[in-house]
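Please find below a short note on the model under review. The points proceed from the chain as a whole to individual elements and residues.

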Amino acid sequence: MNLRRGKTKSLLESSIDCALLAVEIYNKPRAPFRVESFITNMVMAWTRLLQAHFNLTIGETFFYKEKNGRYKLIDGDRKAWDLKTCILNYGELSEPVKINLDFFIKLRNKIEHRTIDKEQIGMMIFGECQSLLYNFENELIKLFGKEYALNESLAYSLQFSRLRTNKQKEASKQLLSSEYREIKDFIHKYRDSLNPDVFSTQEFSIKLIQVPKIVNGNRNDLAIEFVNWNALDEDDREKFDKLTTIVKDRVVKSEVINPSRMKPGKVIEEVKNKCGISFNHVDHKYILAIFSVRPYKEFDKTQEQDPFDTNTKYCHYDEVHKDYLYQECWIEFLINNIENNRLNKDLWKKCFDDRKLLDINKFEFD
């Protein structure tokens with residue numbers, strides 16, 4: 001597609017520049033704020049890509065409006081749709097691609113105002129970062145043609161074989177801090193909440209293994225071959241699965257959906273039987289709210305409620321079934337505190353009515 005100079009081409013070029021800058025920063029080991037910069041620039045790249053598409057197809061109408069129909073203004077300029085709104089109005093992204101983008105929008109909001117070293121976080125989300133870029137180029141080519149592909153401008157980043165440097169070990173220790181734990185918990189619970197069919201796609205997260213290739217082939221062959229998992233047939237997938245088994249050195253992983261997690265009804269039944277008290281869903285809700293185990297809008301109306309914002313030690317949000325599931329240790333927590341009279345109906349009802357949060361760490365047993 002040959003675009004003439006104008007708003008669409010300007011947006012598209014800006015989008016591509018943002019993506020290239022994101023990769024350039026990410027591949028510089030000594031660059032400060034690598035993770036934040038990569039995510040921020042890729043979010044801008046995606047936003048401007050979709051805005052360029054809207055400008056080409058529906059004109060300059062991708063702006064928020066007031067109730068009276070006039071455009072919403074920020075410092076005199078029209079406020080353009082953010083990425084979430086662009087995705088909603090575009091409506092042509094696959095579910096794994098949308099979920100990958102949603103993951104980074106939420107992660108960006110969690111890390112951009114924290115002063116912690118994000119290097120270890122970057123290692124955790126390398127697969128999702130690769131997919132974010134991979135999906136962007138696919139959509140770029142789909143909307144505007146192969147002549148705008150990024151692969152002519154990019155090379156693979158060299159990876160060191162010794163992954164556990166002293167600095168990384170120190171970063172691992174820092175992950176024990178509360179701010180790191182909060183971000184780690186978000187990443188883990190977001191992944192845990194996904195349908196296995198989405199999680200295993202290349203569009204959500206690309207999993208890479210490095211195996212030295214020693215063959216007597218053509219000396220002009222590329223040093224790296226990229227295999228698209230989604231394009232493989234079942235026979236080839238089985239062969240790669242066998243290969244990853246070898247690389248893992250006999251580590252066997254069994255996928256289990258929601259292992260040892262219980263619905264609230266089961267929690268209530270166990271507490272009633274063990275403690276011999278009247279205990280219902282309302283009582284359970286009060287305790288969950290005052291310990292901030294899961295969000296309740298009626299308890300805290302000041303913030304937008306994110307269903308994934310749970311204490312993952314005790315509770316996980318199940319996106320597939322749109323409900324919450326609880327660990328066995330949550331039942332133990334309730335029974336121990338009720339039997340020792342550290343928790344009772346008067347306390348949890350008063351705290352809920354007063355919108356008073358309790359520090360769960362002070363109620364936990366060794």
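**Note on the predicted model**

1. Of the contacts in the protein chain between residues at least 6 apart in sequence, 67% join residues at least 24 apart, a contact being heavy atoms within 4.5 Å. This is a predicted model, in which local features need pLDDT of at least 70 and side-chain atom pairs count only at pLDDT 80 or more, while totals for chains, interfaces and linings use all residues. Residues are numbered from 1 along each chain as its sequence is written, and side-chain values use heavy atoms, with hydrogens and water left out.

2. The protein chain contains 14 helices and five strands; these are DSSP runs numbered from the N terminus, helices being H or I of at least four residues and strands E of at least two. Of its 366 residues, 40% are buried. Buried denotes under 20% relative accessible area, exposed over 50%, and partly exposed the range in between (1.4 Å probe, protein chains only).

3. Helix α2 (residues 34-57) packs against helix α3 (residues 83-90) at an angle of about 40°, and their axes are 9 Å apart. Axes are lines fitted to C-alpha atoms, for helices over the stretch in contact, and angles run from 0 to 180 degrees between N-to-C directions. The two helices, α2 and α3, are therefore oblique to each other, since angles under 35 degrees count as roughly parallel, over 145 as roughly antiparallel, 65 to 115 as roughly perpendicular and the rest as oblique.

4. On the α2 side, V43, W46, T47, L50, Q51, H53 and F54 make this contact, and on the α3 side L83, C86, I87, N89 and Y90. By class, the contact comprises eight nonpolar, four polar and no charged residues (nonpolar: Ala, Val, Leu, Ile, Met, Phe, Trp, Tyr, Cys and Pro; charged: Asp, Glu, Lys and Arg; polar: the others, Gly among them).

5. Which residues of α3 are buried? They are L83, T85, C86, I87 and Y90. Their cover includes α2, α4 (95-111) and α6 (126-144). After α3 comes G91, with a positive phi near 70°.

6. The structure has zero disulfides, a disulfide being a pair of cysteine sulfur atoms within 2.5 Å. C86 counts as buried because its relative accessibility is 0%, whereas C329, at 27%, counts as partly exposed.

7. R191 belongs to helix α8 (residues 178-193). Apart from its neighbours within four places in sequence, R191 contacts M124, I125, E128 and F199. The C-alpha atoms of R191 and F204 are separated by 9.9 Å, with the two residues 13 apart along the chain.
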